[in-house]
Amino acid sequence: MTELIKICAAALIALIAAVILKAAKMPNAEIIALVFIGIVSTRLIFNLEQTVALIKNMSEETAVLPYLEILFKALGIALITDFTSDLCKNAGEGMIAEYVGLAGRSEIMLLSLPLIRELMSISTGLVG
């Protein structure tokens, strides 16, 4: 949680600096945003590597690895489509952004079908 607060505080500082530079008609506003994105992305990738390693170690002790693979694939699809959709929206292409989101949701649904089938099988076994 404290990491998120630090990132949000840094984002607000970068935002204020970028707004001030844009108001002064200085071209460095985009550079501030790019530097911020680079620093935060590096930190997030480092955190993600640690999290994935920890979850992989925990999942090797149980039989949930196939389910975690589906979960991580779905998370990756959601992040990629959200990022792409936001880029489209920022470029003024709202319709393209909506279809990117729809494609991502459809892909996640298709990816989760084996998991849904397994849950239905388990629930049928419990009831019958």
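Against which helices do the buried residues of α2 pack? In this predicted model, local features require pLDDT of at least 70 and side-chain atom pairs count only at pLDDT 80 or more, whereas totals for chains, interfaces and linings use all residues. Residues are numbered from 1 along each chain as its sequence is written, and side-chain values use heavy atoms, with hydrogens and water left out.

The buried residues of α2 pack against α1 (2–23) and α3 (65–90), contact meaning heavy atoms within 4.5 Å. Helices are DSSP runs (H or I, at least four residues) numbered from the N terminus. Ala-29, Val-40 and Ser-59 are buried in α2, that is, under 20% relative accessible area, with exposed meaning over 50% and partly exposed in between (1.4 Å probe, protein chains only). The expected span is 1.5 Å times one less than the number of residues.

Helix α4 has 34 residues and reaches 46 Å from its first C-alpha to its last, close to the expected 50 Å. A bend of about 45° occurs in α4 at Leu-113, and Pro-114 follows within four residues; the bend is the angle between axes fitted to the seven residues ending at a residue and the seven starting there. The buried residues of α4 pack against α3; in α4 these are Ala-97, Val-100, Gly-101, Gly-104 and Ser-112.

Met-120 lies in helix α4 (residues 94–127) and counts as exposed because its relative accessibility is 53%.

Definitions and conventions:
Helix = DSSP H or I, 4+ residues; strand = E, 2+ residues; numbered from the N terminus.
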